[in-house]
Amino acid sequence: MQADPQPGPAMYELVRSLYPICRSITGEGVRQTLAQLRELIPLEVHQVPSGTAVFDWTVPREWNIRDAWVKNAAGERVIDFQRHTLHVVSYSVPVRARMTLTQLRPHLHTLPDQPELIPYRTSYYQEDWGLCLPHRQLEQLPEGEYEVCIDSTLQDGHLNWGECLLPGELEDEVLLSCHVCHPSLCDDNLSGIAVATFLARELAAAPRRYSYRFLFVPGTIGSIAWLHRNQARTHRIRHGLVLTCLGDSAGFTYKRSRRGEAEIDRALEHVLAHCGAPSELVDFSPYGYDERQYNSPGFDLPVGCLMRSQHGCFPEYHTSADDLDFVRPESLAQSLALLRSVVRVLEDNRCYRSLNPFCEPQLGRRGLYAGLGGTQIRTLQMAMLWVMNQSDGTHSLLDIAQRAGLPFDTVAEAARLLVRGELITATAPPA
């Protein structure tokens, strides 16, 4: 896989360019975002009309917004959507009215415990309206009359998502999914988009055993609509990850699939153990991102969720503090590097059968062993011993790496050397 030696700044630039766009689960913001991604990867944009039934849900009407503000008695904008997209509750219905502060207050949302920050709020499936602002600002608003404007539309349209399929030697697929429905939130939204996009670029230029399907979907309703439309082909998904919150400076968090011991779960556990960064493994729960839909019992797909800070567990989550200062180029680059390692495990994880199973073969005469023996056996040589011993057609390289406590790449390199020395032969991918 050809890797950009310094992808962090380029990924950060993508985050920066997408940051001002007001995204929601439908509308022009999603389409603008997907249009930018199409300039980088072969992305096909799909649409489903409003009112379409998708399992127990219905695709909502399309929401778009041009402007929103609150003016004081002097005509000054004290809340202004043009300054920050979080100032409006997503899916707010159109409003044009004059009202007192007392009348306005029920429609104003703040974070009293984080008084300097703007909260992110939505009203997707219940017609309502609202505006968000720092609590400190709300406390300073004087009594009096205010003019309120939310210049939005809510009408029949479409739900859109982007899909990038990179065919491989096999029809079996690796699914990588991220959400594209949040407005100006950098870590919880844009970091996953950026890392997925750059991983897709690298994979598009490399030989692939698996096929890779990248989904850029609105959260919940987008993955549900995709699953509804693609129900007959989901059996091809062998491994999957939801990508989110990959740009902050915390260690990695991996949320296992519903199965708990799927190959993707074991691959992440192994890669994280050898990546040199702090990490945490958490069990599946039906709360979080779109892994909830992919892991629903009717599908039970082997899809985990990779993040740094865990959703809902960091103070910047769903606030204006999740901005361009919160994500870092080096964190994005490290997240991409980790995913490269995961891809290598999935691509190279095979079972082998020994062609010389009776006792240990002589490696020295094949040029595979150091001329001098002793206790200081190099790591690669130890990996070859493990691979030869475990190559009975039932143990995969990941099995061997985990049992030996060795990095997967070292074990895979040992296997390549042993194949070249005609000591083992590949059988089949692990079931």
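These legends describe close-up views of one predicted model. Local features need pLDDT of at least 70, side-chain atom pairs count only at pLDDT 80 or more, and totals for chains, interfaces and linings use all residues. Residues are numbered from 1 along each chain as its sequence is written, and side-chain values use heavy atoms, with hydrogens and water left out.

**View 1. An open sheet of four strands.** The strand order is E5-E4-E9-E6, and the pairing is antiparallel. Strands (E, at least two residues) and helices (H or I, at least four) are DSSP runs, numbered from the N terminus. Two strands pair if DSSP finds at least two bridges between them. E5 (77-80) and E6 (95-100) stand at the edges with a single partner strand each, so one side of each has no neighbour in the sheet. E6 and E9 (residues 145-155) pair over six bridges. Val95 has Ile150 in E9 as its bridge partner.

View 2. Glu147 forms a salt bridge with Arg98, with the closest N and O atoms 3.7 Å apart. Glu147 lies in E9 and Arg98 in E6, so the pair ties together parts 49 residues apart in sequence. A salt bridge is a side-chain nitrogen of Lys or Arg within 4 Å of a carboxyl oxygen of Asp or Glu. Glu147 is buried at 17% relative accessible area, whereas Arg98 is exposed at 57%. Buried means under 20%, exposed over 50%, and partly exposed in between (1.4 Å probe, protein chains only).

**View 3. The salt bridge of Arg213 and Glu173.** The side chains meet at 2.6 Å, N to O. Arg213 lies in strand E12 and Glu173 in strand E11, so parts 40 residues apart in sequence are tied together. Both residues are buried.

**View 4. Arg208, buried without a salt bridge.** Arg208 sits in the loop between helix H5 (186-204) and strand E12 (211-217). The nearest side chain of opposite charge, Glu347, is 7.1 Å away; here Lys and Arg count as positive and Asp and Glu as negative, while His and the chain ends are not counted. A polar atom of the Arg208 side chain lies 2.7 Å from the backbone oxygen of Pro167.

**View 5. Gly304 in strand E16.** The strand spans residues 303-307. Gly304 is buried, with a relative accessible area of 0%. Beyond its neighbours within four places in sequence, Gly304 has contacts (heavy atoms within 4.5 Å) that include Gly240, Val242, Tyr254 and Arg256.

Terms used. Polar contact = N/O pair within 3.5 Å; in protein donor to acceptor, adjacent residues only side chain to side chain.
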